[in-house]
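Dear colleague,

I am handing over a structure that you have not worked with before, and below it I have set out what was found. Please read the notes with the model open beside them.

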Amino acid sequence: MIIQFICRAILLGVPLLYGSTGEIITEKSGHLNLGIPGIMYVGAISGVVGSFIYENSCNNDIAQMNAFLAVIIPLLCAIAGSVIMGLIYCFLTVTLHANQNVTGLALTTLGIGLGNFLGASLINITKSELPSIALTKTSSFFATKLPFADKLGWFGELFFSHDFLTYLAIAVAIISAIVLNKTRVGLNLRSVGENPATADAAGINVIRYRYVATCIGSAVAGIGGLQYVMSYASGVWSNNAFGDRGWMAIALVIFALWKPSFAIVGSFVFGALCNANNYIQGLGTETQELFKMLPYVVTIIVLVITSMRKKREHQPPANLGLNYFREER
Amino acid sequence: MATQPAIELKNITKKFGKVVANKNVNLTANRGEILSILGENGSGKTTLMNMISGIYFPDEGEIRIDGKEALIASPKDAFDYKIGMIHQHFKLVDVFSAAENIVLGIEDGKYNLKKSTDDIKRISAQYGFNLDTEKKIYTMSVSEKQTVEIIKVLYRGADILILDEPTAVLTPQETEKLFDILRRMRDDGKCIIIITHKLHEVLSLSDKVAVLRKGEYIGTVNTAETNESELTEMMVGKKIDLNIERSVPENTEDRLVVNSITCVDRVGTTVLDNVSFTAKSGEILGIAGIAGSGQRELLESIAGLQRLEYGDIFYFDPQTGKKESLRDKTPMQIRNMGVRLSFVPEDRLGMGLVGNMDIVDNMMLRSYSKGRSFFLKRKPPKDLAMKIINDLEVVTPSANTPVRRLSGGNVQKVLVGREIAASPTVLMVAYPVRGLDINSSYMIYNLLNEQKKQGVAIIFVGEDLDVLVELCDRIMVIGSGKINGIVDGRTTTKEEIGLLMTKSDSDGKENDNG
């Protein structure tokens with residue numbers, strides 16, 4: 001029961017971990033990308049479209065499908081879709097100096113609209129009776145578990161029973177943490193988010209760092225969207241099922257104090273909080289809704305505590321949300 | 001090595017839109033020499049230096065380094081030519097340590113902070129700096145931050161150093177220390193360019209002085225062969241009198257009595273600790289101290305913007321002679337009693353003016369509540385705006401130009417002018433001449449002196465100690481929220497004030513002879 005609860009929390013937490021790792025990378029460059037929910041949504045639908053085409057090209061026969069291609073095609077599609085969104089964001093904010101909040105919110109609206117449009121189109125093509133597309137074959141490739149997981153009892157279930165995207169998420173978060181804190185690239189990136197004028201004067205290409213960080217961040221977040229469809233929803237896409245996970249990922253960034261390593265733990269805590277209502281007996285529907293607020297309540301508590309502590313290292317990048325223009329006087 | 005030109009500027013022109021910041025500037029700086037660039041605010045000193053350091057790109061003209069034409073399109077190019085600039089507003093990342101800031105942006109193979117730290121320590125020792133490489137910038141004093149900036153450019157191997165108003169924020173002792181280091185660098189064969197508008201520093205430090213006026217190059221003179229009044233004339237274009245006329249205070253009476261006030265900021269740090277003093281009518285009380293020692297909080301307490309933890313502030317009404325406590329008054333009530341605050345913060349706009357509004361609207365910010373009708377009356381504030389523009393020679397296309405578009409000095413004139421126009425009984429001014437040119441500065445000093453003669457109690461928070469000792473009747477020195485001493489402006493010296501500023505403990509209260 002407890003093992004099951006934890007595994008479920010991890011499963012729920014992984015899309016958030018991708019989303020928040022991506023957003024942390026983005027925010028470290030000074031970009032407050034509120035388009036993350038839309039970008040994750042586009043990542044998800046791009047992956048779905050990719051795997052849909054691949055499944056069809058194999059006549060929907062699992063025997064004809066190559067495991068590697070079945071995984072890599074949706075993954076690359078998801079990355080491509082979300083990077084395009086990231087590029088739009090950068091073009092608007094860096095090149096055209098548009099307001100970051102407005103741009104981000106517009107991208108969220110755009111992404112969800114686009115996702116629903118493509119989703120509905122695919123449902124239309126399949127002439128499905130249900131308002132959803134099932135890509136269970138592709139999903140089964142994603143769900144390949146480590147072979148020895150079953151042999152190790154609860155220990156195996158807890159640590160080795162997850163799909164590879166879960167491990168990838170943790171790996172990405174750890175790598176991000178190392179890159180951010182231990183390398184020159186990380187130092188440069190953080191300086192761009194803290195004080196772009198300083199970074200610029202130090203010879204760092206602020207524009208390039210912002211573009212690259214935002215696109216990488218978007219790609220990571222987009223994989224989170226795909227992971228949700230393929231692993232959590234077992235390959236079933238239905239419009240709007242993704243819910244408010246994108247916003248939760250942004251809340252998680254604050255919860256994790258802009259540290260990818262904290263985000264790993266944080267995502268599982270959030271996963272557990274999201275899921276707690278299912279494990280507490282005798283809740284009415286209205287109290288269940290109350291429980292769904294828990295991640296946000298916790299985020300607010302973290303905000304209250306960190307702003308009371310006022311430790312500078314726990315604050316957001318100083319130039320978060322501000323555009324940089326060199327010759328401004 | 002000596003007198004070999006390190007950098008030459010030929011016919012440099014730079015425009016921002018229609019504004020010409022630099023026009024046909026020709027300038028030469030030699031190795032083993034300290035060159036001062038002197039000029040009033042807005043004369044294009046900083047713009048010129050920004051072109052050398054790659055922040056801006058000149059529209060016309062060429063830059064030659066070591067006799068060869070150089071193309072400096074970005075800060076990175078500037079580093080490649082071994083040019084290092086120490087900006088007036090430090091370009092440091094607050095949450096990084098000193099070492100991280102110093103290595104920032106350098107691409108030299110493997111990233112190894114430990115090895116870099118050793119190199120930094122070596123450079124520090126070579127020139128006599130004292131630096132804790134692990135210390136985070138946001139915990140540092142201004143002078144420490146400046147040290148980081150200087151080591152930063154030295155670490156990159158710069159041999160042409162440009163310093164933009166390096167002493168504006170330093171105490172006299174710190175300034176002397178900096179000058180010693182600069183002289184040591186000069187003797188080391190480096191070319192040092194220092195931007196300033198403090199004449200006595202130019203004379204004591206530099207070998208040559210280049211003067212700019214309104215974006216144009218006026219000429220270069222050898223420091224040894226010139227004097228203050230000649231330089232001023234070159235700078236301003238006409239002779240001006242550099243003496244502040246300080247009249248003896250007459251009929252002084254207590255106007256404001258601050259009685260052991262203590263303030264605590266949001267984090268719980270004590271920002272004002274048991275501060276007591278009296279401001280008298282017809283007198284200028286100067287406040288000196290390192291930036292951030294509680295000057296702002298002190299003025300805000302009087303203006304009613306800061307909550308007092310302990311203590312009280314009493315105001316003596318000049319008409320009725322009644323004694324009133326300001327403790328429970330709202331800022332609006334305090335203002336109506338005639339207590340005026342004009343605080344010029346570092347970004348100049350801050351809490352005084354609204355940048356996107358024009359001069360007339362900014363006048364109205366202080367007077368709109370007097371209106372009786374539903375609609376605003378724009379005539380009186382318009383008249384006031386025109387009066388300030390004329391009297392204080394504010395350079396603006398019109399009274400309807402957004403304040404943000406004016407140059408810093410003009411913004412300050414508008415702010416100070418507005419507060420004085422309200423005929424206050426207590427006038428608090430903080431850094432009113434920050435970044436102003438000589439002419440405007442003296443205009444503001446004269447305005448303050450006029451107010452003093454009319455019996456206004458003036459509290460003047462200043463940065464330039466030379467001005468404080470020339471202008472103020474009494475000078476109160478504060479350090480970390482405590483009063484370190486109150487001295488007589490006529491008998492004290494800069495050095496005495498400088499020592500009081502850095503005095504750490506609370507043993508300064510006994511010489512409170514106010």
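**Notes on chain B**

B:D66 lies in the loop of chain B between β4 (60–65) and β5 (68–70), where helices (H or I, at least four residues) and strands (E, at least two) are DSSP runs numbered from the N terminus. This is a predicted model, in which local features need pLDDT of at least 70 and side-chain atom pairs count only at pLDDT 80 or more, while totals for chains, interfaces and linings use all residues. Residues are numbered from 1 along each chain as its sequence is written, and chains are lettered from A and ligands numbered from 1 in the order in which they are written.

The phi of B:D66 is positive, near 50°, although the residue is not a glycine. B:D66 counts as partly exposed because it has 14 C-beta neighbours inside 10 Å; a residue is buried if 20 or more other C-beta atoms lie within 10 Å of its own, exposed if 12 or fewer, and partly exposed in between, with C-beta atoms placed from the backbone. B:S480, also not a glycine, has a positive phi of about 40°, and sits in the loop between β19 (474–479) and β20 (482–488) of chain B. With 19 other C-beta atoms within 10 Å, B:S480 is partly exposed.

Helix α1 (residues 45–52) of chain B is mostly covered, since eight of its eight residues are buried, among them B:K45, B:L48 and B:I52. After α1(B) comes B:G54, with a positive phi near 85°.

One open sheet of chain B has four strands in the order β12-β11-β14-β15, with antiparallel pairing; two strands pair if DSSP finds at least two bridges between them. At its edges stand β12 (270–280) and β15 (323–325) of chain B, each with a single partner strand, so one side of each has no neighbour in the sheet. From one strand to the next the twist averages 20°, angles running from 0 to 180 degrees between N-to-C directions of axes that are lines fitted to C-alpha atoms, for helices over the stretch in contact. Strand β11 (residues 254–264) of chain B pairs with β12(B) over seven bridges in the antiparallel sense, and B:I261 has B:V275 in β12(B) as its bridge partner.

As for the whole chain, 47% of the 514 residues of chain B count as buried, and the C-alpha trace spans about 75 × 50 × 45 Å along its principal axes.

With best wishes
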